[in-house]
Each structure stands twice: as structure tokens, then as C-alpha cells.
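Please keep the sequence and the structure in view while reading.

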Amino acid sequence: MDASLMRQIKIPKSDSSKELEFLKEAVDKFFQLDFKNLRYQDLFQAGYKLVVSQHGDKLYSELGEWLYVNMQILATRIRPVEEPVAFLKNIKELWTTANTAITITCQILIYLDTQYLKKRNLVSIKDLGYKYFSDIVMKNAKNVKRITGAVLNEVEKERDGELINRNNIKNISEMILNISETTGEKIYNDHIEAPYISQLRESSEVICRKLLTELSVPSFLEEAEKLMAREAERAKELLMPISQEKVLECIRAAFIESNTPTILANDVNWLETLIQQNRLDDVSRVYRLYSNKIRPEIFAQFVGTLQHLLVGIGEKQIQQAIAEHSWLKMIDAILVLSAKYNSMLNDQFQRNPEIVKVIHKVLVHVVNFDESICKALAFYFNHLLSESAPQISEAEYDHRADGLLEIFKRVRAKDSFSTYYVQLMAKRLLAKTLKSDDSERAVIRKFKAECGIQYTLKMESMMKDVVVSHDECTEFLDAHENLPFQFDIFILTNGLWSFANLSVNCAMPPQLEGVRKSFENFYLGKHKGRKLVWRMNKSTLELVGSFAASNQRYFFTAYMMEAMILLAFNEFEEVSVEQLKDMLKAPCEVLERSLTLLSKIKLLLHLKDRNSYTLNAQYRSRTIKVRIPSSEKALGDNEGAEGISVELRREREQKIDATLVKIMKGRHQVLHNTLIEDAAKMLSASFPPDTGLIKLRIEYLIEAEYIKRSPSDRKLYIYLSLIHISEPTRQAEISYAVFCLKKKKKKK
């Protein structure tokens with residue numbers, strides 16, 4: 001009604017009985033849905049006149065009576081005995097009638113509603129009508145019970161597979177929610193939502209008990225997910241949005257949370273099977289069910305079970321590779337495992353923060369499961385960086401290198417890995433079997449980025465030694481062009497190369513003596529104060545030999561010890577072991593290993609009765625160029641491993657001493673437990689600290705009078721010395737020279 005129309009209305013001075021009777025008849029017709037012969041403008045004017053003529057209180061009082069009486073009349077239209085669907089339709093019809101009547105009444109009495117009632121803080125017409133409908137129609141004990149029973153009966157029918165009219169239940173839910181929100185009463189919560197959820201819980205528990213006895217766990221979870229989706233969709237169609245989360249919570253509790261002890265029992269082989277057989281859709285389902293708003297303690301239980309399972313899978317694969325004594329399979333197993341777990345983390349577990357931590361912990365545990373993994377990783381790097389490695393694309397090389405570096409980052413005993421890596425790197429550099437200098441330096445840069453400059457100092461210095469050796473050798477050869485053979489000399493800094501402290505050596509062929517002296521004079525003339533020690537056991541020679549049986553010339557590449565033995569047969573047809581000892585001046589054990597090697601490859605024949613050897617005149621080879629391997633024990637042998645173990649322990653003791661003194665020097669007084677904890681934390685970047693070894697080194701420092709115990713507290717240490725312990729520095733004044741003798745190439 002616009003303002004101009006209101007101004008044209010003339011307010012009568014007579015009483016209000018005529019207008020009240022007029023409005024009462026109209027409201028009665030509204031509840032009868034009879035809208036004939038009703039002019040809404042006249043009704044509005046009647047209500048407006050009553051309010052402005054100060055009869056608003058009487059109108060409001062009479063209106064309450066009219067609504068109350070009509071609601072009672074509506075209640076009599078509820079059929080006493082009727083099947084559930086018809087009963088719900090009956091209630092819905094009554095609600096439609098009442099709601100229509102209340103809405104139209106609000107429209108014609110809008111001035112009363114918005115001006116008079118609002119200013120006096122009285123209940124609005126709509127709220128009053130809804131309250132009467134709730135009190136008279138809904139709150140009747142029989143009616144409420146019948147409504148709840150009818151709704152639950154229809155839901156149960158649908159769960160049993162029958163088709164129902166969902167709109168009936170949706171309409172009832174909407175009706176009761178509207179009444180509840182308007183009146184502030186909990187009719188919807190108490191009589192629709194709560195009974196529905198209670199029935200859902202009981203039904204779900206029965207279904208779960210049945211499925212768990214009939215199906216395997218993966219099949220149960222698959223069926224549970226379907227049932228949960230079905231129940232969620234049903235609740236969305238039947239109930240109001242405010243109930244959705246409560247229903248989903250009930251579903252999760254009934255299907256997953258209450259059955260978690262059974263699903264995640266100690267024996268979870270089903271989950272291991274899913275992962276091992278790459279049934280990733282099933283793995284995704286398990287994660288979805290346990291991550292979608294499940295209680296934190298339940299999800300934590302799932303995460304703990306997953307971690308235990310993934311660790312077990314990794315340990316089995318590593319143990320299998322160890323049993324096969326294959327470092328290649330060991331690292332390949334870790335690479336495959338890492339790729340698989342990371343793929344699952346991205347695709348199946350959606351990079352969940354908790355599972356990200358789990359995958360990291362699992363891979364760290366697997367990588368450090370056995371001490372031999374450090375050695376295997378060093379061998380794998382050696383395999384990848386050697387020129388003898390199988391030809392692969394650049395992309396595949398980068399992929400493998402990145403995988404190995406990820407394993408390296410998770411290695412705790414990085415000092416152990418470094419020891420093996422440096423030994424193998426030394427062999428690659430001296431044998432000139434590098435894939436490329438760029439690849440070698442790229443890996444060293446990655447090590448430096450992860451562990452710092454101190455970690456790669458030895459590796460970079462070794463690379464520098466090779467470059468310097470090449471330059472020195474080139475300069476020497478340019479000054480001595482008339483040498484009878486071609487050779488390379490490696491000048492290696494003392495303390496860097498793994499074999500520098502070995503006492504094993506052998507004699508030099510007489511043909512090399514002149515060259516040796518010439519190079520010594522040349523090198524020491526350039527570098528005053530330095531000393532050269534020749535490591536002939538690490539030198540290699542290229543020999544040419546022919547045998548009577550085939551009259552074929554062979555080109556042999558051999559280490560100095562094996563080459564010297566073969567050269568002895570230029571003068572003698574048969575040589576005894578005693579003669580070789582005198583000629584080579586080598587330890588018996590080393591000589592015997594070399595002779596055994598040459599016999600094994602059938603270059604020599606062992607005359608056991610005279611304990612002597614002779615050349616095998618019947619020797620044949622498929623290739624003209626023959627490389628004779630070294631007879632020295634490999635890193636995988638017990639002796640080599642034991643030597644590295646002793647060296648590692650000595651280095652670790654020095655690092656522990658330096659760390660302890662560093663802590664004591666900075667604080668002067670430190671408690672026993674605090675000292676051990678802080679030292680372990682600082683050392684963990686280099687190797688897994690052993691508490692027992694740290695305690696032994698503390699005792700050593702006490703004996704050496706660097707620290708002492710407090711007289712008043714035996715657990716308190718006091719710093720004494722002003723001298724700081726550091727790791728041993730390299731002796732730069734000594735270098736080691738290694739020959740790599742080759743056949744002289746004629747210049748064109």
C-alpha cells in the first residue's frame with residue numbers, strides 16, 4: 001500500500017466493532033482458503049483505521065483469538081487412523097493452509113505488524129501464528145509421535161530398497177524447522193534430527209557387524225564408503241542443511257571410528273598387500289575414510305599404523321638385497337621405494353602434513369637401516385660416474401643422480417659415506433675412468449650445498465691435484481721430447497688420497513729409473529722444500545706380449561705389481577716365489593695375491609712341486625686388449641672394511657673431542673647430561689652420535705686435563721685448557737707420485 005493511498009483514507013469516529021468483525025470474517029476465510037469476494041485494499045484500510053484510531057491493542061488481542069480458534073479447527077482435521085504417508089500429507093496440507101492464512105494476514109495487517117507491534121516489542125503476527133500451530137497441532141503428544149514414527153518408517157523402507165516419495169519427508173522437515181526457528185523451540189532437533197540420527201546409528205552398527213564377518217577389510221572399506229555416500233545423499237534429500245554435518249559425523253563414527261580397533265589391528269597384512277600390489281585406488285580409499293574429519297586420535301592411530309607398515313616394507317626389501325650381496329639392488333630398492341612412497345604421498349595421501357612427516361621418517365629409517373647402505377650408495381655413485389656405466393639419456397642420468405642425492409641427504413653417517421666415496425673417487429681419477437669432469441664436479445657441488453665446504457674440501461682438493469698433475473706432466477714432457485715411452489704422472493697431496501698412508505709398495509722397473517730421476521729433479525727444482533714419495537703399487541703399465549700357441553700379440557694394462565711379475569719372464573722361463581720376493585721387494589701376502597690372480601686368469605702356471613711359476617704358452621683371449629684387475633682387496637672385503645672402520649672411529653673421536661672442547665670453552669661450566677645432549681646434537685649432522693663413545697671421550701679429556709669435575713658436584717664439568725683441539729691438518733709438504741706408463745705414440 002503506497003503513502004498516497006494512506007493519505008486519502010478518512011478515519012471514522014465511530015467505534016471499531018464493524019472493522020473488527022470485517023477482519024475476523026476475512027481471517028476465517030483465509031483458514032478456509034476461500035478468497036472470493038475479498039478486497040485486500042478494504043481489509044488493509046480496516047486494519048490501518050483500527051491502529052491509527054488507537055484500537056491497535058484491541059485488534060491485536062482479537063487477532064490472537066481468531067488465530068487460536070482457527071488453529072483448533074485445523075487440529076480437528078487430523079485423521080485419527082491413517083497410514084504414515086497419508087498422515088504426513090495430511091499434516092503438510094494443514095501446515096500449507098495455516099502458513100497461507102498467516103502470510104496473508106500479515107500482509108493485510110502490515111501496518112499493525114511493522115509499526116504498532118514493533119514499537120511495543122510485541123510478538124509479530126507470523127510468530128504468533130506459528131506458535132499457535134506448534135502448541136495446538138504439533139505439540140500434541142500423539143501428533144508428534146506419529147510424525148516422528150512416519151518419517152522413520154519411510155526412511156527404513158528406503159534403506160530396505162523400497163521406493164518412497166522423498167518430498168513428503170523433506171516438506172515435513174522444512175515445515176518443522178521453520179516452526180522451530182520462528183518460535184525458538186527445539187521441535188526439529190528433538191523430533192526429526194535426533195530420532196533420525198539414532199536410527200541411522202543403530203542401522204549402521206548392525207550393517208557393520210555383518211559386513212566385517214563376511215568381507216575382508218579392503219572389501220568392507222569399499223562397501224562402507226558406498227554406504228556412507230548413500231546415507232549422506234539420503235540425509236541431504238530428506239533433512240535440512242543444518243543436519244548434514246551431524247549425520248556425517250554419525251556415519252563416520254559408526255562405520256570407521258568404532259571399527260578402527262578391528263580395521264587397524266596388529267595384523268594389517270591387508271594394507272601391506274594393497275601397497276605391494278599397487279592397488280592405489282584402495283589405498284586412496286583408506287586415506288579418504290581416515291582423513292575426512294575423523295577425530296584426531298583416530299587419524300593419529302591410522303598414521304602410526306601406516307608408519308609401522310611402511311617401515312616394515314622398506315626393511316624387508318633392504319634385507320633381501322643384503323642377503324643377495326648386491327649393492328646395486330640395495331640402492332635400486334631404496335630408489336624404487338622412495339619414488340613409490342613419494343608418488344603415494346602426492347596422489348593417494350594428498351600431501352597431508354602428518355603423512356609428509358611419516359614418509360620422511362620412514363625413508364630416513366630405511367636409508368640408515370644398515371651400515372652397508374653407505375658403502376652401497378658410494379658404489380652406486382661410482383657406477384653412475386664411471387665411463388663404463390651403461391649409456392643412458394641425459395634426462396635419465398639426471399633422474400638417477402637426483403634420486404641418489406635424495407638418499408644422500410637422508411644418510412646420517414655422512415662421514416662413513418664420504419670415506420667410501422673418496423676411495424672410489426680416487427680410483428676413478430687415477431684410472432681416468434670418469435664419465436666427465438663436469439658430472440664429477442656437479443655431484444661435489446651438491447654435496448657441498450648439503451653439508452658445507454668442509455665436507456667436500458678433500459674431494460675438491462683431489463680434483464685440483466689431478467689438474468695440477470696434468471699441467472706438471474705436460475710441462476715435463478714438452479721439455480723431454482725424446483723419451484722412449486709415453487707416460488702420465490699423478491702428483492697427489494699427502495693426507496688426501498686414501499692409499500697415501502699405506503706401507504705396501506713395490507720395486508720400479510729399471511727402464512723407469514732414468515725417467516723417475518729426471519722428473520724428481522724437474523719437480524723439486526720448481527717446488528723447493530717438497531718431498532716426493534713414489535707409490536709404485538698404484539701405478540699402471542701397458543705391456544705387449546705374444547704367446548707361442550696363437551702367435552697373437554696382446555696388449556695388457558696391469559698394475560705395477562702384476563706388470564713386474566710378467567716382465568720377469570723376459571729373462572727367465574721359470575721364476576720361483578723366492579726370486580720374485582727379492583726382485584720386487586714386496587710383502588709375501590701381496591705377492592701371493594698377485595700370483596694367484598695371474599694364475600686365475602691363466603697367464604701363469606703354478607708349478608706346485610717347485611713352488612715356482614711359468615708363463616702359459618697356451619694363453620688365449622677373446623680380446624686383443626686385456627685389462628688385468630688389481631689384486632688389492634676391494635672395499636667389500638673384510639680387511640678393507642675393517643681398515644675403514646678403524647679410520648672412521650679415529651676421525652669420529654677427533655670430531656667428538658673438538659666438539660666437547662668447543663662447548664666447554666664457550667660455557668666454562670656444563671652439566672654432564674647437557675654436555676652429552678648438546679654434543680650429540682652438533683655431531684648429528686656428520687654421523688649418528690654414540691652416547692657411550694661421547695662419555696669415553698669426556699673421560700679422555702679429563703685425563704688430558706682439558707676439563708675437570710667440580711669438587712662440589714660430580715655431574716658438573718669445568719673447562720681448564722686454553723688450547724683448542726682441532727682436526728689434524730694435512731701435511732702439504734709431502735706429495736705422492738704415481739706412474740701411468742703407456743706405449744709411445746709416434747708424432748706425425
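## The nonpolar cores

Leaving aside neighbours within four places in sequence, Phe417 is in contact (heavy atoms within 4.5 Å) with Cys374, Leu377, Ala378, Phe381, Phe408, Phe447 and Tyr455. The model is a predicted one, in which local features need pLDDT of at least 70 and side-chain atom pairs count only at pLDDT 80 or more, while totals for chains, interfaces and linings use all residues. Residues are numbered from 1 along each chain as its sequence is written, and side-chain values use heavy atoms, with hydrogens and water left out.

Phe417 is one of the residues with the most contacts inside the largest nonpolar core, which has 156 residues; the others named with it are Ile331, Ile355, Phe381, Tyr421 and Phe447. A nonpolar core is a set of buried Ala, Val, Leu, Ile, Met, Phe, Trp, Tyr and Cys residues joined through side-chain atoms within 4.5 Å. Buried here stands for a relative accessible area under 20%, exposed for over 50%, and partly exposed for values in between, using a 1.4 Å probe and protein chains only.

Helices (H or I, at least four residues) and strands (E, at least two) are DSSP runs, numbered from the N terminus. Because its relative accessible area is 0%, Met462 is buried, and Met463, at 3%, also counts as buried.

Which residues does Met462 touch, not counting residues up to four places away in sequence? Met462 touches Val422, Met425, Ala426, Leu429, Leu496 and Trp497. With the same exclusion, Met463 touches Met425, Leu429, Asp437, Glu440, Arg441 and Ile444.

| Pair | Apart in sequence | Apart in space, C-alpha to C-alpha |
|---|---|---|
| Met462 and Leu429 | 33 residues | 8.5 Å |
| Met463 and Leu429 | 34 residues | 7.9 Å |

## Surface and loops

Leu33 is found in the loop between helix H2 (17-31) and helix H3 (40-52), and with a relative accessible area of 43% it is partly exposed. Together with Phe35 and Tyr40, Leu33 forms a nonpolar patch on the surface, with about 260 Å² of accessible area for the three together.

Asn611, in the loop between strand S6 (604-607) and strand S7 (612-615), has a positive phi of about 50 degrees although it is not a glycine. His668, in the loop between helix H28 (638-667) and strand S9 (669-671), has a positive phi of about 70 degrees, and it is not a glycine either. Asn611 counts as partly exposed at 39% relative accessibility, and His668 counts as partly exposed at 48%.

## The whole protein

The protein has 30 helices and 12 strands. Its radius of gyration, taken over C-alpha atoms, is 47 Å, well over the 27 Å that the globule rule (2.2 Å times the number of residues to the power 0.38) gives for 748 residues, so the protein is more spread out than a compact globule. Its C-alpha atoms fill a box of roughly 150 × 70 × 60 Å, taken along the principal axes. Of the 748 residues, 47% count as buried.

How values were computed: Patches are made of residues with over 30% relative accessible area and no salt bridge: like charges are joined within 9 Å, nonpolar side chains (Val, Leu, Ile, Met, Phe, Trp, Tyr) within 5 Å. Accessible areas come from the Shrake-Rupley method with a 1.4 Å probe; for residues, only the protein chains shown count as cover. A salt bridge is a side-chain nitrogen of Lys or Arg within 4 Å of a carboxyl oxygen of Asp or Glu.
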